[in-house]
Amino acid sequence: MRDEIIPSDHGQHPPPVTPIYKTSVFRGPRMPLLSLNGSLSELTGPRFGHGAMGALDNDLYRNFQHGGEPIGERIIVHGRVLDGNAKPVAGALVEFWQANASGRYRHVNDRFEAPVDPNFGGCGRTVTDDEGRYHFRTVKPGAYPYRNGIGDWRPSHIHFSVFGTAFAQRLITQMYFEGDPLIPHDSILNTIPDAAARTRLVAKLDLAAQVPQHTLAYRWDIVLRGHRSTLFENRLEGN
Amino acid sequence: MFTPDSLGRLPETPSQTAGPYVHIGLIPRQAGFEIFADDVGAAPLPPGEPGERIRVEGRVLDATGALVRDALVEMWQAKADGSHGLFFRTGTSFETGLWSFDTVRPGAVPARGGAAPMAPHLCLWLAARGLNRGMHTRLYFGDREEANAADPVLRFIEQPNRRATLVAARTERDGVPVFTMDIRLAGDGETVFLDV
């Protein structure tokens, strides 16, 4: 029997059209979503095993070295993937990508006037353990300007993609760093109307998790929609 | 790190746009480099996978009708026997704006509560710069008119002309059925997106 998923709380998310982020005006759907009770098509989802991961996939400091080490402030990012019932999501594929320490992405379309780091790829992935924990090592990404308002800068951030157990739980988001003075000015983060929701995208400095004399650490937890048990309702058939 | 409320619940982590460089993390070969032994969702269909070989493809268009050439497109589908599933991931082409998958035609999937099965369909999920959330939609097959007419999800779309946004037209290329469906993010003919 497969549990159903708690309906999404849309108030936690940005609406589709947010004029402070101009591209959303061209691309954000205008029509209301068609709300469905989940079927097997949405309550199932792809699963990815630990065996599919390479040994360096969660080490951005080492997974693209070409004769040297990446430039920048070494950090560990760690946390848990939980569901809306505060239960750990084990076996969740977590993927992440980011700019290098100077704010430049390794991407054919990035033309920001800052150097590509020959020893830094900027992407990684991992699968959560039985407690829902994930961790990876990287360098802290730099801020960079982007074409929105002519004076707009992105705060340092890491992009995250997460798969739960159901395709309905699919999530892409961004993690920010506690204390970054650009955070209140970010037009992407400010697409989220709820101030408390915005703070949940900010990782906390976690001195206890550092590697002393070597690497700082940040902690960030991710919450996917929870499973719900069905009370007095017809169960899904066919599973 | 977060404290559950008095019912033991935690609020969802908010979504943020995937941005223009989504390819780096999720389809790095399209960003211009190789880093993982196997990019997630990039493996071709296993040669022995049972079922009718098909190709599905389309464009993604913005509110002005312009091509969206930097979108991530994921697909989750039933196998030919109706069980789940197969997963694929690609991006719209930087040049042509086209996305495509070579797969097998899915079988019918049971609907909720023991109702008649849903018409065969593919689940698509899009993320891109300018999309504040990933968008769920479906692709139905234009040569399955009878099944589509009975499908509970298509029938649930109030405006009949909007149902057509989820139905891919069939053509043939090199002997393989090709199903084409453009995804219009906004504007005239906006695709029906799902809150699942």
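Predicted model: local features only at pLDDT ≥ 70, side-chain atom pairs only at ≥ 80, totals over all residues.
Two strands are said to pair if DSSP finds at least two bridges between them. The predictor gives the complex an ipTM of 0.97 and a pTM of 0.97. For chain B, the average pLDDT is 96, and 99% of the residues score at least 70.

The description may begin with chain B. Its secondary structure consists of five helices and 10 strands. Along the principal axes, the C-alpha trace of chain B spans about 50 × 45 × 40 Å. Chain B has 196 residues, and a compact globule with that number would have a radius of gyration near 16 Å; the value for chain B is 18 Å, which agrees. Of these 196 residues, 47% count as buried. When contacts in chain B with a separation of 6 or more are considered, residues 24 or more positions apart account for 65% of them.

Strand E2 (residues 72-78) of chain B is joined to E3(B) by seven bridges, and the two strands run antiparallel. In this pairing, Trp76(B) stands opposite Phe87(B), a residue of E3(B). E2(B) and E3(B) form a hairpin, with five residues between them. The turn of this hairpin contains Gly82(B), which has a positive phi of about 90°.

Strand E3 of chain B covers residues 84-91 and is mostly covered, six of its eight residues being buried. This strand also contains Gly85(B). The peptide bond that joins His84(B) and Gly85(B) is cis, with omega at about -10°.

Chain A may be described in the corresponding way. Its secondary structure comes to three helices and 14 strands. Taken along the principal axes, the C-alpha atoms of chain A fill a box of roughly 60 × 40 × 35 Å. For 239 residues, a compact globule would have a radius of gyration near 18 Å; chain A has 19 Å, which agrees. The buried share of the 239 residues of chain A is 47%. Among contacts in chain A between residues at least 6 apart in sequence, 74% join residues at least 24 apart.

Two residues of chain A may be noted for their backbone angles. Ala86(A) has a phi near 65°, a positive value in a residue other than glycine. Ala86(A) is placed in the loop between E3 and E4 of chain A. With 5 C-beta neighbours inside 10 Å, Gln213(A) counts as exposed.

The two chains can now be considered together. Their contact takes 78 residues from chain A and 66 residues from chain B. Several elements of chain A each supply at least two residues of the side that touches chain B, including helix H1 (23-27), strand E2 (34-35), helix H2 (40-43), strand E3 (74-83) and strand E4 (93-97). Strand E9 (157-162), strand E10 (171-177) and strand E13 (222-224) of chain A are also among them. By class, the side of chain A that touches chain B has 32 nonpolar, 31 polar and 15 charged residues.

Strand pairing also crosses from chain A to chain B. Two bridges join E2(A) to strand E10 (residues 194-195) of chain B, and these strands run parallel. The bridge partner of Leu34(A) in E10(B) is Leu194(B). Leu33(A) is found in the loop between H1 and E2 of chain A. Apart from its neighbours within four places in sequence, Leu33(A) is in contact with Phe193(B), Leu194(B) and Asp195(B). Leu33(A) is partly exposed, with 18 other C-beta atoms within 10 Å.

Conventions
Residues numbered from 1 in each chain as written. Chains lettered and ligands numbered in written order. Contact = placed C-beta atoms within 7 Å. Helix = DSSP H or I, 4+ residues; strand = E, 2+ residues; numbered from the N terminus. Nonpolar A, V, L, I, M, F, W, Y, C, P; charged D, E, K, R; others polar. Rg over C-alpha atoms; globule rule 2.2 N^0.38 Å. Buried ≥ 20, exposed ≤ 12 C-beta atoms within 10 Å, placed from the backbone. pLDDT = per-residue confidence, 0-100.
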